[in-house]
Amino acid sequence: MSLITLSIPLFFLLMGVEWLCGRLQGRRVFRGPDVFANLSLGAAQTVFTTVAVGLLAGAYLAVYQYRLLDISPSSALAWTVLMLGVDFAYYWFHRTSHRMNLAWATHAPHHQSEDYNLAVALRQGPIQPLVSRVFYLPLAWIGFPPVMFATAAALNTLYQFWVHTELIGKLGPLEWVLVTPSHHRVHHACNGRYLDKNHGGILILWDRLFGTFEPEEERITYGTVKPIRTFNPLAATLAPFGELVALTRKTPRALDKLKVWLMPPEWTPPGVSAVAAEVAPGRPRFEVSTSPRVALYVAVVGVLTLALTVLFLVRSPSLPLSMRLVFAGWFLASLGGLGGVLEGKRWGPMVEAVRLASAPLVLAAL
C-alpha cells in the first residue's frame, strides 16, 4: 500500500486541527463547496494513478533496464542523493507546468481554489502524473530502484502537505533553505508579481539558484488568473483543456495551433485578440448558494464516496485492470453528479440516481 494512502487519516486529522485553530482565531478556514472540490480532485488523481499504474511504473521500469549503476537501497548516501534528485526533478516539472500550456492544463486544478488551507494540498490535477513522471525518468537511468524512487517521491509529496496553510507565519532561518507556508502561499497567488514563483517541493534553494524566488510581502489573491467559477470537480478538470481547444480553433495558422499547446499561458497567437489578465487584489471569491438539504446530501454522500474510494485504493493491488477501470468510471460519474447537485444543475440528480443504484454492485466487486 502506498505511503500516500496510509497517510489519509493523518491528512484529515491535521485538517481538523487547522479548522479548530482557525475557529479559535475567529477565522473561517474552510468553505464546504471548496473542500468538496478539493478532496474530490485529490481522490481523482489517486484513482487515476491506481488505474494507470502499469503505464506509469512501466515507463520507469523500461528506462531502469538500461541503468548506469546498480544502487543499493541499504545505502544512506544513495537515499540522500535520491531525495535531492527527486526534489530537483520536481522543481523542473513544477516550473515547466507553469510555463507550457499542455502541462499547465494538467496542473491547473491544483491552483483553482480561491482558498488556501490543508484541503487545497489534496487538490490535484487527475492526469498530472502523465506529465510529471517524465521528469523523474533520469533517476531510473542513473539506477535508483523503482521501490526506492516510489518511496522518495511519496515523501516529497507528503512534505508539501503542511505548507498549504495561512495559519503559520514566516519561520526565520528555515525560510532560506526549505519551502515554507509563506513561500508556497506566494506560489498559489495570482498577483502579478507572484506568478510562476517558488516552485520547489522541499527545498527553496532551487528557486533561489534559478531565479524564481519571490518573498511574501503583499496581500495575496488565491486562484488562477482566469477563475473557473465552478465547484464541479469534473468541470474543473476539463476547463483548462477546453480553453486550449477553443484557442486552437480560433488560431488562424496551422503552426500556431500547435504552439498553443507548447507556449506559456500568457502567449497569444497572431490573429487572436489578447485578453487582459490583470488580477485585482482582493478579488471576490466564487460562491454558490445551496439549500441545507442539498449541502447535507453532498456532504454525507461525498464522505461515503470517499470512504468507498479509500477501500478501492486498499484493495486495488489485488484487483484486475477491468475492475479498476469500472471503479474509475463510477468515480468519474460521482465527480460530475455530486458537482451537478451542488450547483443546482437539472441533470445532477439523474446522474446521482444512476450512480447510487450501481453503488452496491461496485461495493460487492471490491
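Colleague: Where is the place of Arg-229?
Modeller: Bear in mind that this is a predicted model, where local features need pLDDT of at least 70 and side-chain atom pairs count only at pLDDT 80 or more, while totals for chains, interfaces and linings use all residues. Residues are numbered from 1 along each chain as its sequence is written, and side-chain values use heavy atoms, leaving out hydrogens and water. Helices (H or I, at least four residues) and strands (E, at least two) are DSSP runs, numbered from the N terminus. On that numbering, Arg-229 is in the loop between H11 and H12.

Colleague: Is Arg-229 buried, exposed or partly exposed?
Modeller: Buried means under 20% relative accessible area, exposed over 50%, and partly exposed in between (1.4 Å probe, protein chains only). Arg-229 has a relative accessible area of 37%, so it counts as partly exposed.

Colleague: And Asn-198, what is its phi near?
Modeller: Asn-198 is found in the loop between H10 and H11, and it is buried, with a relative accessible area of 1%. Its phi is a positive value in a residue other than glycine, near 55 degrees.

Colleague: What does Ala-189 touch, leaving out residues up to four places away in sequence?
Modeller: Ala-189 is in the loop between helix H10 (181–187) and helix H11 (205–210). Its relative accessible area is 5%, so it is buried. Taking contact as heavy atoms within 4.5 Å, Ala-189 touches Tyr-194, Leu-195, Ile-220 and Thr-221.

Colleague: How far apart in space are Thr-251 and Ala-76, C-alpha to C-alpha?
Modeller: Thr-251 sits in the loop between helix H12 (233–250) and helix H13 (254–262), and at 1% relative accessibility it counts as buried. Its contacts beyond four places in sequence are Asp-256, Lys-257, Val-260, Pro-269 and Val-272. Ala-76 is 175 residues from Thr-251 in sequence, and the distance in space is 53 Å.

Colleague: Are H3 and H15 roughly parallel or roughly antiparallel?
Modeller: Axes are lines fitted to C-alpha atoms, for helices over the stretch in contact, and angles run from 0 to 180 degrees between N-to-C directions. Angles under 35 degrees count as roughly parallel, over 145 as roughly antiparallel, 65 to 115 as roughly perpendicular and the rest as oblique. H3 and H15 pack at about 165 degrees, with their axes 10 Å apart. That makes the pair roughly antiparallel.

Colleague: What about H14 and H16, roughly parallel or roughly antiparallel?
Modeller: H14 and H16 have axes 12 Å apart and an angle of about 30 degrees. The two are therefore roughly parallel.

Colleague: Which residues of H16 make the contact with H14?
Modeller: H14 passes H16 in a left-handed crossing, meaning that the near helix is turned anticlockwise from the far one by less than a right angle (right-handed if clockwise). From H14, the contact uses Tyr-297, Val-301, Thr-305, Leu-308 and Leu-311. On the H16 side, the residues are Glu-352, Arg-355, Leu-356 and Leu-363.
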